[in-house]
Amino acid sequence: MGTIAFIGAGPGAADLITLRGARLLARADVVLHDALTDPALRELAPQARWIDVGKRGFCDSTGQTTINALLVRHAREVNLVVRLKGGDPSVFGRLEEELEAAAAAGLATEVVPGVTAALAAAAGSQRPLTRRGTGRSVSLTTAMTRAGELRASRTADTEVFYMAGRQLGALSRRLREAGWPEGTPTAVVSRAGWPDALHSDHTVATLAQASVLHAGRPAVVIVGCGARPVRRGHPATGKVVRAASDDANEVVAAGQDALGPRP
Ligand SMILES: C[S@@+](CC[C@H](N)C(=O)[O-])C[C@H]1O[C@@H](n2cnc3c(N)ncnc32)[C@H](O)[C@@H]1O
């Protein structure tokens, strides 16, 4: 009987996996991976059999059952199965179901954390999620309920919404219903951690304007204290462009190519 290691691959670029994760991955016999993870990660485990179980191939609960069965089947045949997940396995990663399936089959498990999208977004956009004196709490929230309904909440000084990228207009309305004032700073960061990451600044009222810029890209929405730009005499990154449609919304290309040399 083998072991299943759940490893967080981080939000994008392969160099955001942890050292512990990379070392364990290098010993894998089989890797079941999400669609979001960087193909360059394969170079860390060229000996392993790589199986794509991302959402493109497997949807909803049937897909999850299939993934659970694959995990158990392979772990019975080899020493080490790695379940490589985008971001952190414990954050919106269906880890509970997969741990339970492994436990029911009597298999040993290990979980290696990864950089979740909210943290990569905060780093890339240089927006600290907590602020001394004003931002004491952070909430990671999925905007989608299990039934596929969009919901917003106001539970922390900074609330980071996952899985809302396709419905920013509706999220703006829900945020107002949840009690966020219209002028609250709101940042959208897509493909955080990738060289082509983008972030744009809005308010709760103008959030819908981010839809076109971030269309088709995984995105998180940071609302509240942690979305506020840090005060400084010059822009955080080398390249700052104005969105053509709305001068009030500052759009920052946060990718390395766009950054230019750091001051
Ligand atoms: C199923 S959740 C997985 C979250 C993942 N386990 C994590 O810790 O980041 C997928 C959602 O995460 C967010 N996401 C994933 N990768 C992202 C990235 N590179 N940039 C921004 N958001 C991302 C998006 O909101 C996407 O809809």
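Strand E9 (residues 198-203) is largely enclosed by the rest of the structure, because 6 of its 6 residues are buried. Here a residue is called buried if 20 or more other C-beta atoms lie within 10 Å of its own, exposed if 12 or fewer do, and partly exposed in between, with C-beta atoms placed from the backbone. Strands (E, at least two residues) and helices (H or I, at least four) are DSSP runs, numbered from the N terminus. The model is predicted, so local features need pLDDT of at least 70 and side-chain atom pairs count only at pLDDT 80 or more, while totals for chains, interfaces and linings use all residues. Residues are numbered from 1 along each chain as its sequence is written.

Both sides of E9 can be followed residue by residue. Leu198, Ser200 and His202 point one way from the strand, His199, Asp201 and Thr203 point the other way, and all are buried. E9 runs antiparallel to E8, and 6 bridges join the two strands; strands are taken to pair if DSSP finds at least two bridges between them. Within this pairing, Ala187 stands opposite Asp201 of E9. The loop between E8 and E9 holds Arg191. Arg191 is not a glycine, yet it has a positive phi of about 50 degrees. Arg191 also counts as buried, with 24 C-beta neighbours inside 10 Å.

Arg94 sits in the loop between strand E4 (80-85) and H3, and its phi, near 55 degrees, is a positive value in a residue other than glycine. Arg94 is partly exposed, with 16 other C-beta atoms within 10 Å.

Helix H3 (residues 95-104) has Glu98, Leu99, Ala101 and Ala102 as its buried residues. Seen down the axis of H3, these fall within an arc of 160 degrees, so they line one face of the helix; the arc is that of the directions from the helix axis to the C-beta atoms. The face turned away from this buried side carries the exposed residues Glu96, Glu100, Ala103 and Ala104. Leu99, with 20 other C-beta atoms within 10 Å, is buried. From C-alpha to C-alpha, Leu99 and Val111 are 9.4 Å apart in space and 12 residues apart in sequence. Just after H3, Gly106 takes a positive phi of about 75 degrees.

Attention now turns to the ligand. Its shell comprises 24 residues, of which Pro11, Gly87, Thr116, Ala117 and Ala192 are the closest; a residue is included if its C-beta atom, placed from the backbone, lies within 6 Å. At least two shell residues each come from helix H4 (117-125), strand E8 (185-190) and strand E10 (219-224). By class, the shell has 13 nonpolar, 8 polar and 3 charged residues, where Ala, Val, Leu, Ile, Met, Phe, Trp, Tyr, Cys and Pro count as nonpolar, Asp, Glu, Lys and Arg as charged, and the others, Gly among them, as polar. Domain 1 (3-112) and domain 2 (117-259) both give residues to this shell, so the ligand lies between them; the domain bounds come from an automatic or database assignment.

The largest nonpolar core has 65 residues, and Val82 and Val220 touch the most other members. Such a core is a set of buried Ala, Val, Leu, Ile, Met, Phe, Trp, Tyr and Cys residues joined through C-beta atoms within 7 Å. H4 gives this core its largest share, 6 residues.
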